[in-house]
Structure formats: C-alpha cells, structure tokens
Amino acid sequence: MAVVTMSQALNMALTEEMARDERVFLIGEDIKDSTYGITKGLWDTFGPKRVIGTPISEAAIAGAVLGAASVGLRPVAEFMYMTFMMCAMDQVVNQAAKSKYMFGGKAVLPIVYRTMAGAGRANAAQHTQSLEAWFAHVPGLKIVMPTTAYDAKGLLKTSIRDDNPVIFIENKVQYATTRDEVPTTDYTIPFGQAAIRRTGKDVTIVALQRMNEIALEAAEELSASGIEAEVIDPRTLVPLDLESIVGSVRKTHRVVIVHEAHERVGFGAELVAQIVQHAFDYLDAPPVRVANPNVPTPFNRTLEQLSIPSAAQVVQAVRGLMR
Amino acid sequence: MATIVSPIEHAVGPAHGSSPTALDRHDLSDSDLIDMYRTMLRIRRFEERVKELFLEARLYGSVHLYIGEEAVATGACKALGEGDVISSTHRGHGHCIAMGLESGPMMAELMGKVTGYNHGKGGSMHIASMDHGMLGANGIVGAGIPISTGAALGFWIQEKANVAVCFFGDGASNQGAFHEGINFAAGLKLPVIFICENNGYAQFQSVKQDLPIEHVATRAISYGIPGVIVQGEDILDVYGAVKEAVRRARAGDGPTLIEAKTYRFEGHFLGDPEPYRTREEVAAARATRDPLKIFGAQLQEMGVASADDLKRIHAQIDEEMDRAVAFGESSPEPAGSVLLTDIFTGADEHGRIV
Ligand SMILES: Cc1ncc(C[n+]2csc(CCOP(=O)(O)OP(=O)(O)O)c2C)c(N)n1
Ligand SMILES: [Mg+2]
C-alpha cells in the first residue's frame with residue numbers, strides 16, 4: 001500500500017492490465033510522451049503494438065477500437081479532453097454503443113474510452129466540459145467517474161475487463177492533487193456500487209467525482225451547526241446504485257445533488273426523477289441541484305470559479321432544505 | 001520560391017528553381033515592406049512578453065506561442081483586403097496581430113480582463129474580433145477549416161469579392177474536417193485559401209510520424225486544386241503565393257492549399273518540457289530559419305531600411321509592448337455579474353427573450 005496520485009493510480013491499472021492480458025492495448029494522441037503522465041513509460045514497457053500513438057484523428061481512434069474489439073482485442077482509447085470526443089461522436093454513439101443491440105446481441109465490444117472532464121484550470125469553454133449526461137443518455141454505454149485514486153485503479157481495471165463500451169471519465173484537476181492509499185496488488189471495484197463517503201442522518205448529498213471533495217467540505221461546516229450530512233459518491237452512473245441513494249434519502253428525507261456539469265438536463269435531473277419516484281413519501285423538502293448555472297466555462301479564473309459549485313453553495317442549499 | 005506540388009491548371013507561381021532568383025518584392029512598396037517587418041516584430045515581441053508574464057504568473061491559461069512562424073501570418077494577411085476574413089487556431093496570437101488586432105486588448109484578454117477582445121471570457125485560445133475579420137482562434141484542432149469554408153460560401157452566395165483564409169497546422173490536416181471542408185470548398189470553387197502551417201510537430205508528435213507523405217500540399221491533388229509549398233520563414237515567398245491564391249479565389253477559380261514549411265521555436269504550449277526534440281534542433285532553426293532576421297537582412301539588401309531604421313522600429317515596438325502589458329495589468333477584472341451574460345443573443349441565460 002502506498003499513497004499515490006490519481007494519475008499514478010491510473011498508470012498502475014493500465015500497466016497491470018496490459019501485463020495480465022495481452023489483448024489489452026492503448027491508442028490515442030501523444031500517449032507515448034503522455035501529456036498528463038497517465039500512459040507514461042508504457043510504450044517503453046509494452047512496445048509500439050500495445051501503445052499506439054495516432055494522428056489527430058479522433059473519429060479514426062473511436063472507430064478503430066470498435067474494429068479492433070470486433071476481432072478479439074480489448075482496446076483502451078484515450079481522448080485527452082472530453083471535448084475532443086465531440087469529433088468522434090458518430091463512432092461512439094452510432095457505432096460502438098449500438099452495435100451489440102443492432103446485431104441481435106452478436107457483437108462483444110470490450111472497449112474503454114478514457115477521457116478527461118472537469119473545470120478549474122482556466123482552459124476556457126471548449127476545453128472544459130463535463131458531458132457525462134450526454135453519454136449516460138445513450139443505451140449501450142457504461143459510465144464510470146472515479147473520485148479517489150483507489151477507486152480510479154479498481155474501476156479502470158473493471159472497465160478493461162468489462163465486455164462493453166465504457167466511458168471512463170477522469171477529472172483533470174484531480175490528476176496531481178488527489179492522492180490516497182492504493183494497493184500495489186490486483187483488485188477491482190464492481191460497477192453499480194456507490195461509496196458512502198460520510199454517514200449522516202439529516203440530509204443526503206449525492207456528488208459526482210471531484211464534487212465529493214466540495215460536498216465533504218460542506219458537510220464538515222454543516223456538522224459544526226449540528227446538521228449531519230450523508231455524502232454519496234455513485235462512482236458509476238450506468239449502472240447506477242439506486243438502492244444506496246434511495247435508501248439514504250429514505251433515512252434523511254432530504255437530498256442535494258452536486259455536479260460540475262450544467263444543471264439543465266444534467267445527470268442530477270435523472271437522479272431527482274428517480275428519487276422522487278422511489279422515495280416520494282419520505283421527502284420532507286423538494287430535491288435540489290447545485291451545478292454549473294448553464295453557462296459555457298469562462299476563461300477568467302474568478303468567473304470560472306463562480307461557475308463551479310462551491311462548498312458554500314452546497315451549505316446554503318442544505319440550509320434551505322432544513323427550514 | 002514557391003514549389004507546385006499539385007500541378008492543377010492555374011497553379012500558383014513559378015516552380016522552384018535550383019538557384020534562388022533575386023529578391024522578389026512583388027507589388028509591395030517600401031512602406032508596405034516596413035509595415036510587414038513591424039507586424040512580424042510586433043508578433044515576436046508580443047509572444048516574448050507573454051512568455052515572460054506567464055513564467056512570472058502574471059497571466060495564466062493554456063498558451064501556445066507563434067515564435068518562429070511570424071512570416072506566415074504576416075505575409076498571408078498582407079495579401080488580404082477590406083472585408084476579407086480569417087479563421088485561426090489554438091496558436092492564434094500571430095494571426096490576430098497580422099489582422100490588425102491591437103496588442104493592448106489582446107494582452108488584456110490573455111489576462112482575463114474585461115478590456116480584452118472577449119471581455120476575459122475566451123482567453124488565449126479564443127480571441128476573436130469580427131471588426132477585424134478575425135473569426136476566432138480555436139481550441140479544436142481542424143475546426144477552422146469548415147468555418148472558413150462557410151465564410152467563403154457566404155461570400156459566394158452574396159456575390160461578394162471577398163475571400164477567407166484558413167490557418168491550420170500540419171496536425172489538423174489529419175482531421176476529418178480537413179477533408180470535408182476542402183472537398184466541399186473545391187466542389188463549389190469557393191473563395192478560400194487554406195494555409196497549412198507545417199511546423200514539424202503536432203504537439204509532441206513529429207510530422208514524420210503523423211503524415212505518410214512528405215508534404216501536406218500534395219493532398220491538394222485529391223481535391224483538384226493547386227497545392228503549393230512555400231518557405232514559411234521567407235515572408236516574400238509566403239506573400240507571393242498567397243497573393244496569387246487570393247487573385248484566383250476572387251476570380252472565381254476556387255481554393256488553393258498552401259503549405260508553409262515553418263518551425264516553432266518554443267514548446268507546444270507554455271510549460272512544455274519538450275522531450276520529443278533536441279536543443280540542437282531548435283538552436284539550428286533559430287540560427288537559420290528566423291523569419292525576422294531573414295527579412296531584416298532582406299530589407300537592408302533591398303535598400304528599403306537601414307540597420308538604424310530597424311533599431312528605431314524595435315524601440316517603438318518595445319514601447320508598444322510596455323503599453324500593452326500596462327494596459328492589461330491596470331484593466332479591471334470582469335464583475336461576477338457578467339457570468340451569465342452573452343450566452344444568447346436577445347435572450348437571458350434561460351433563452352427567454354428580454
Ligand atoms: C480535436 C482536437 N484534438 C486534440 C487536441 C489537442 N491538441 C491541441 S494542439 C494539438 C496539436 C496541433 O498540431 P498542429 O495542427 O500541427 O498545430 P501546431 O500546434 O503545431 O501549431 C493537439 C493534439 C485539440 N485541441 N483538438
Ligand atoms: Mg504543427
């Protein structure tokens with residue numbers, strides 16, 4: 001067990017899975033020199049047929065992994081920013097997500113699309129998008145959003161071993177700043193199991209990825225005034241651990257949802273619908289969302305911070321429910 | 001001297017000879033030439049200041065410098081006229097300056113200030129100024145190709161004599177948008193000039209790995225348009241080829257693909273550790289392919305400017321940059337209240353008409 005960063009944990013998962021299964025290969029732009037260090041050293045270890053650098057051609061990458069999976073490989077594609085996946089949407093949405101069903105169940109497509117979302121680095125609107133809801137809307141794609149280094153390693157391994165297309169979303173702010181204990185041994189984390197980051201009886205906060213850090217901060221502040229929040233990290237959106245979320249809301253009777261994505265039609269909307277449907281009689285207040293206020297991410301860093309949910313906003317949202 | 005690689009009818013310029021001919025100043029007057037030198041120097045000094053400020057944490061964001069490539073933007077934009085437009089890339093500061101954008105509001109934009117061209121909402125990768133015909137820098141590699149094609153389509157529909165110039169990198173030529181945009185433009189003979197700035201690298205990847213052919217310009221053959229190679233550090237070579245491509249475009253003869261062989265002297269972005277190339281390679285390019293030094297020498301050779309004249313220009317540009325930095329730094333931050341403005345035209349952030 002060692003304390004490692006999020007990017008090191010991801011690197012460990014890739015290294016171990018590539019060593020374990022020779023069908024696993026990596027493909028993407030600049031993955032040899034690795035802009036954020038996730039794939040660092042893998043080209044040296046596994047060679048040019050296991051770590052394939054491509055031209056700047058996202059559609060080709062997204063489609064090539066589908067083709068390679070069709071002939072028995074287990075590709076892991078990298079799209080540095082989630083934004084660049086927009087250039088590859090046909091291959092992801094019309095092809096990879098649907099082939100299995102359209103072909104009457106015959107296609108087995110063990111593909112991982114790794115990509116990076118999140119705000120807070122002054123990369124401006126095009127390079128700062130959290131589009132998990134787009135992909136969660138499409139049947140046939142599993143959606144993974146790890147929050148800790150430990151989860152990142154375990155969930156990436158599960159993604160690689162899964163026989164379906166998986167959208168594996170990392171958070172760019174967390175690569176170097178999030179660090180926790182990660183075993184050097186092999187372990188996986190099953191999809192569809194939320195993590196309870198903090199237990200509490202008064203309110204449930206469901207937070208996606210880095211927003212768990214914000215939620216925990218808010219929970220500490222609330223605790224000082226006697227409000228105990230339960231913080232839940234779904235970890236995977238598809239499949240979703242609805243039982244844990246609904247179970248918590250039935251206990252606390254109140255819920256706040258926090259994500260970096262735009263509020264309108266964000267994943268929070270789905271969560272609210274599910275919670276209302278399954279815990280309506282238990283709710284003491286309407287569910288609320290704290291999210292990006294439907295604005296493209298501004299470059300100016302003060303404005304950018306205003307567009308990202310803050311602990312103060314979460315505290316305020318909770319207090320609003322307690323009245 | 002330009003080299004034709006796609007020998008389509010009306011191909012641009014004379015073919016590359018074995019010995020370079022005497023300096024060809026085309027139709028450029030002395031003051032045009034000096035103006036071009038000034039623009040190139042303005043780009044160089046602007047970028048140097050940006051680097052300094054970035055390293056001192058006086059500005060921030062994702063910043064890509066144009067140092068070494070100044071002759072491409074400057075030579076190309078000099079061939080444009082009133083109402084012509086360009087689309088740009090993530091490496092867009094040089095294109096902006098060549099289109100006449102001022103260094104003060106540009107610097108302010110890089111600092112996220114309210115006086116910036118985009119009021120601090122865009123930053124380095126998104127500077128735009130419709131008043132200058134600058135349709136926008138772009139964070140998405142290759143995205144400008146369909147956009148400039150569309151501007152040319154607009155001119156074609158409106159029967160205007162204007163042209164659009166599209167700047168993009170060698171890496172961008174591997175995007176699907178490159179094929180779709182150029183093929184479409186060629187089919188309708190739209191007035192657009194595609195200028196590939198081949199600086200040898202797409203981020204960390206050498207163009208040798210990314211391109212199975214030697215020249216991007218060769219790809220013009222498959223669209224039935226002229227493909228031309230110019231030396232990107234030679235501003236007169238760039239100007240001549242673009243001038244002819246603009247003439248063709250205005251005459252209704254359609255697009256041209258021009259590949260400028262150039263070299264980026266700085267890292268891909270500020271902070272790039274550059275593991276993919278040697279210091280020697282960069283030093284050699286700086287010594288032999290510096291567009292500013294080359295053009296400075298050419299101006300003296302042509303008797304257009306003396307060493308003292310150039311020195312005076314340097315002093316003026318240095319002062320201009322002092323003013324630009326001071327303007328940026330003394331400008332206010334945007335108020336928090338503007339967060340939700342500018343999302344829609346004529347509507348609030350919810351899309352409701354106001
Ligand atoms: C669609 C897309 N894919 C990847 C990137 C990441 N990226 C930014 S610049 C760049 C390299 C671009 O190379 P080139 O087109 O040659 O332009 P240069 O940087 O050399 O000027 C890459 C891969 C991006 N911005 N957009
Ligand atoms: Mg390049």
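**Terms and their grounds**

Tutor: Strand 5 of chain A contributes three residues to the lining of the largest cavity, the most of any element; strands are DSSP runs of E with at least two residues, helices are runs of H or I with at least four, and both are numbered from the N terminus. This is a predicted model, in which local features need pLDDT of at least 70, side-chain atom pairs count only at pLDDT 80 or more, and totals for chains, interfaces and linings use all residues. Residues are numbered from 1 along each chain as its sequence is written, chains are lettered from A and ligands numbered from 1 in the order in which they are written, and side-chain values use heavy atoms, without hydrogens and water.

Student: What makes a space in this model a cavity or a pocket?

Tutor: On a 1 Å grid over the protein atoms alone, a cavity is a set of points where a 1.4 Å probe fits but cannot get out, whereas a pocket is an open set with protein on both sides within 12 Å along at least five of seven lines. The largest holds about 80 Å³, a volume being the space filled by probe spheres set on the points, which are joined across faces, edges and corners.

Student: Which residues are said to line the largest cavity, and why?

Tutor: A lining residue has an atom within 4 Å of a point. There are 13 such residues, and A:Ile38, A:Glu78, A:Met80, A:Arg114 and A:Tyr175 lie nearest the centre of the largest cavity. Strand 4 (74-79) and strand 5 (112-117) of chain A are the elements that give two or more residues to this lining.

Student: What is the volume of the second largest pocket, and which residues are closest to its centre?

Tutor: Its volume is about 650 Å³. Of its 22 lining residues, B:Asn118, B:Lys121, B:Gly122, B:His126 and B:Asp342 are the closest to the centre.

Student: How do you know that chain B and chain A are in contact?

Tutor: Contact means heavy atoms within 4.5 Å, and 37 residues of chain B are in contact with 33 residues of chain A. The buried area, which is the accessible area (1.4 Å probe) lost by two parts on being put together and summed over both, is about 2700 Å², with 60% from carbon and sulfur atoms. On the side of chain B, B:Tyr60, B:Ile140 and B:Leu339 lose the most area to chain A, together 24% of what that side buries.

Student: Why is the pair A:Arg161 and A:Asp186 called a salt bridge?

Tutor: The term requires a side-chain nitrogen of Lys or Arg within 4 Å of a carboxyl oxygen of Asp or Glu. The N to O distance here is 2.9 Å, so A:Arg161 and A:Asp186 qualify. A:Arg161 belongs to helix 6 (residues 149-161) of chain A, and A:Asp186 to the loop between strand 8 (179-182) and strand 9 (195-198), 25 residues apart. The structure holds 42 salt bridges over all chains, but the count between chain B and chain A is zero.
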